[in-house]
Amino acid sequence: MGYKHNQRQASNSKGTMTRQVLLFMSILSVGLVLGQVSYTIPEEMAKGSLVGNIAHDLGLQTKRLVSGKARIFTRSSDEFIELNRERGVLLVKQRIDREELCKQTTPCALHFQIILENPMELYTVTVQITDINDNAPTFEKSEMKFKISESATTGAKFVLERAVDLDVGINDLKSYELKPTDNFALKVHNNADGNKNVEMVLQKPLDREKEEQISLVLTAVDGGDPQLSGTMLIVITVLDANDNAPVFTQSSYKVTVTENSPKGTVVATVTATDADQGAYGKITYSFTNTLDDVRKLFEVNADNGEISLKGNIDFEDSRNYQIHLLASDEGGLTDSCKITVDVQDVNDNKPEINLLSKSNVISEDANANTIITMISIEDNDSGENGNVKCFINLNVPFALKAANNDFYSLVTDSELDREGASEYNITVTCYDEGVPSLSSSVTLTLQISDVNDNAPVFERSSYEAYIVENNTPGLSIFTVKARDADWNQNARVSYILEDSSVNGVPVSSYVSVSADSGVIHAVRSFDYEQIKDFHFRVKAQDGGSPPLSSNVTVKILIQDQNDNPPQVLYPVQTGGSVVGEMVPRSADVGYLVSKVVAVDVDSGQNAWLSYKLQKATDRALFEVGLQNGEIRTMRQVTDKDPVNQKLTVIVEDNGQPSRSATVIVNVAVADSFSEVLSEFTDFTHDKEYNDNLTFYLVLALAVVSFLFITCLVVIISVKIYRWRQSRVLYHSNLPVIPYYPPRYSDTLGGTGTLQHVYNYEVCRTTDSRKSDCKFGRAGSQNVLIMDPSSTGTMQRMHSEKNILDEPDSPLEQKPPNNDWRFTQGQRPGPSGATGGPEVAMGTGPWPQPPTEAEQLQALMAAANVSEATATLGPGTMGLSTRYSPQFTLQHVPDYRQNVYIPGSTATLTSNPQQQQQQATAQQAAQQALPPPQTSAQPEPPKAAQTPASKKKSTKKEKK
C-alpha cells in the first residue's frame, strides 16, 4: 500500500490551474488491482488540454495501457475527460462549466474509473474543478419599484432583491453599493447560510412635494480578479403617509416534504400582519429567491401566504430548499422571512448494474478464481435505501466477490466441464434495503470453450461379427462406432487398425477399417476350413492436440458354407480294381455286403451325410442304410441273380444347396472267387481298351489339326516376307562392289598362270537377299592364263574415276549407258546360262537375293575397296571361274567394269576398244565351252571369303 502526493502549477488562458495527484493502490486476493488518483483543474479549459499523466502517476507504462485496452468508465452520460492510451495522459474532452455541473456545491469534482484488462485492473480517478471568475453578479430584475409614503420615518427598512453570482468562493458576490445616498443608505445582513440580505434604510425624510420620484442604482460587485459587477435600477415613488409595515409571525420557518409528492401539495402557510387599515393594511406575499429553482418547484398564494408544490421534488437532485418570502402592503412597506424545506428520501431508485468488462467465452480448463467480468453497482437513494447487496443464481460454478462498496467481480468457483454444460446463463441480482426493497438484475451468457480432455469411447467393450466364408473381397462386415464427448475438431474420430498378426500373417491382409466411418471390410475371401475365427484391435483417435485414443477388441467368426462335397473314403475308387465285394449265394436277408464310408470337411448340418442307392443291377436285391451307408441284402440270393452286380451309391450332405458324391460298388454274387474271375477280367479289359482307344483318337486329331494350321501360317508368312524383300530390292540404289584379295598382285609377275585357286567375294547390299545371283563351275579346272602381250590392259587409269568415288553421283538410278554394258556371257551367273535378247540389252531379271553372310561380307568388302585397288598392277587376267581353260586374261574386262547397280542389269565398261575385245573373247569362249546340259542343276553359290576366312581356304587347298 502506498501514498503519493504531488502538486504542480500549470497556466491557463483564464487563470491558474492547480493539480493535485493522490495515488492509492491495493492488491486483493482475487487478482484485481485498485488505485485512486486525484487531479485539480480549473473550469473552462480548452478542449484537448492536459489534465494529467495518468501512466506516470499510476506507475504504468503506455504499452500496458494499450495492451490492457484501458478505457474510462463513468456513471453519468456526459464524459468530460478522455484517455489517450498512446501518450498515457488524460485530456479535456469537452468544455467544463463548474456552475452548470455543480451549481453552488463545493467542492465540485468529476469521478470516474479507468479499467484495464488481462489482468483486470481498476483505478478510481477524481478530477476537482476549481472556479474561475467567469460570471458577473446579476439581478433577476433589472428594475425594482417602491412606493414610499412621505410620512415614512427615518430608519424605515426596504428589502432589496439580492444579486446572484454563480461563482463560488472568492469569485462570489462580495459587496453592494447604492448611489446616490441622499435619502437612503444600504445595509447588508450576513445570514448563517452565507447569503446576504440587502436592505435600503431611509436616512432622510421624504418630501413628495420636492421630489415625487427618486431613482437609485444598486451595484453588486464580486471578489474576483478582475472584478465583475451587476446593477439594478430602483425607482421610488413618494406617497402619502403609511405608518405601519407588515410583520411576519416568525422570521424563519422549517418544514419537511416527502420526495415525489404530487403537485399542489401544501408545504407550509406563513402569516404577516399590518397595523394599518384600509389599503395600507392589505398584505401581498411573493418570492424573492433567485439562487435556485424555487420558483419552478414552489408557488405562493399572494393573498393568504400558502406555499404549495408546483413541480416534482427529487431527493437525489436536492435534499433541501430555502424559500425567501416577502410581505408588502399597498403603502410599500415590506417584511421578509425564510422558509427551509427539507426533502425526505423515498426508496424510489433501483440499483443500477453496469458490466465494466466481460468475457463471453472462457476455456473449460480455466483455473479457479479466474475473473470473468467486473460489475459496478450504484443506488442513488440514501441511507438504508442506498445499501445494496448482490448475489447470483445457484448451481453454477461461479461466485460473486465484492471488491469494494460499489464494485463486484464475477470469478470461477470450481472446475468447468464443457461436456457437462457448454453454456451458462449467469443472472446477477442486486437489491437495496429500503422498504419496500427494490431490485434489478442482469443476465450474462457465458460460453465454455472446449478442451480435448475426453478420449473416444466405443459403444461396446468388445465386438463380435459373423461373415460367411467364400465372401467377396471388399465386403462390408460390420461397423464399429466410438463417440467423443468433446466438440468440433476434438470430437472428430478416426479409426485405425492396430498392427497384429493372424497365424503369422498381418491382420491388414484380412480386414481393413474405414478411417472416417469405422466400417470394417474384408480384404480377402475367407475359408472356414482354414480359419474359423480371428480377433484384432481397432483404435479410435480424436483430432485434438495432443490426440486421445482408445481401442476395442473385434472378433470375426467365419460361418461355414456348403462349399465342399462329401469325400468317399471307402471303397477306394481306383482304375485297376473293379471288384469290390463278394456275396455268397447262400446269404440271407440283411446280409452286410459292404459299407460306404464318407466324410465332409464342412461343419454343422453341411457335414450331415445321407446315403442312397442311385442305380443298381437289381434294385430288389440290395439296399443302403440312409445314415450309416451299410449295403445289405433285401432278399434271399437266388441262382438266377447275375454274378456281376454294379451298385451306384450317392452320398449327399444336408447343406443348402446340397452337394453329393457317387461311388460304384461292384458286388460279385458267387460262392468262390474263381467263379467270377474270368467274367470280371473280360469286362475290365474291354472297358479299358475302349477308353484308351477313344482317348488316343481324340489326341491324334488335335495334334494333326494343330500341325496343319501351324504349317499353313508359316508358309503364308514366308511367302509374304519374300515378296516384301523382293520389292525392296528392286528399288535399291546401292552398287555391288567386288572384293579382290591382296594376293592377286602376286600372280602378275609369274609365268602367266595363277599359282592358286582363286576365290571371289561378292559385295552385296543388305536389301539384296532375294537376288538370283549364283556361281557355277565348269567341268574342267579353273585355270587362268596370262598373256604377256596384253599386260597393258589392266593398268590403272588415274584419269578415270570410279562411280563409287564420285561424290556428286545422283541417288536415283539413271538409264544405263550402252558403252558400259556387258554381254550376257561376260556377266556372273549360272554356268551355261544364256540370256535372251532382253538380257543382252540389260533388261533381264536381277540375280537371286544374297544370304545374311553375303550381306555381312559385302559390308566388309566395301571397307577394303581402296586396299584392293591399290594392290593391282599392270597386266591382264581373267575374272570368272565359269570360263574354259582356253579363256585368256586378255578377254577379261578391267575390274572397274565389274560393277553392278542393284535394280538394273547395267555393267560399267572402260572404253570402246575393250568392248570390242570383250565381244571377241565372248565368241571364242562360246566355241571353246562344251554345250550346256539341260538337266544340270546350278551349284549353289559359295559364301564370299573374308580376310579372316582365307586361311581356312588355303588349308583346304593344301589338303
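## Cysteine close-ups

**View 1. Cys-102 and Cys-108 form a disulfide, with 1.8 Å between their sulfur atoms.** Keep in mind that this is a predicted model. The torsion about the S-S bond of Cys-102 and Cys-108 comes out at about 65 degrees, so this disulfide is right-handed.

View 2. The link of Cys-390 and Cys-430 is right-handed, with 110 degrees about the S-S bond. How buried are the two ends? Cys-390 has a relative accessible area of 16%, which falls under the 20% cut-off, so Cys-390 counts as buried. Cys-430 is buried too, at 0% relative accessibility.

**View 3. Zooming out to the pairing, the structure has two disulfides.** Number the bonded cysteines in sequence order and the pattern reads 1-2, 3-4. As a quick reminder, a disulfide is a covalent bond joining the sulfur atoms of two cysteines.

**View 4. Cys-337 is a buried cysteine, with a relative accessible area of 5%.** That value is under 20%, so Cys-337 goes in the buried class.

**View 5. Cys-711 is partly exposed, at 46% relative accessibility.** Buried means under 20% and exposed means over 50%, so 46% puts Cys-711 in between.

Definitions and conventions: Residues numbered from 1 in each chain as written. Predicted model: local features only at pLDDT ≥ 70, side-chain atom pairs only at ≥ 80, totals over all residues. Heavy atoms only, no water. Disulfide = S-S within 2.5 Å. Buried < 20%, exposed > 50% of the residue type's maximum accessible area, 1.4 Å probe, protein only.
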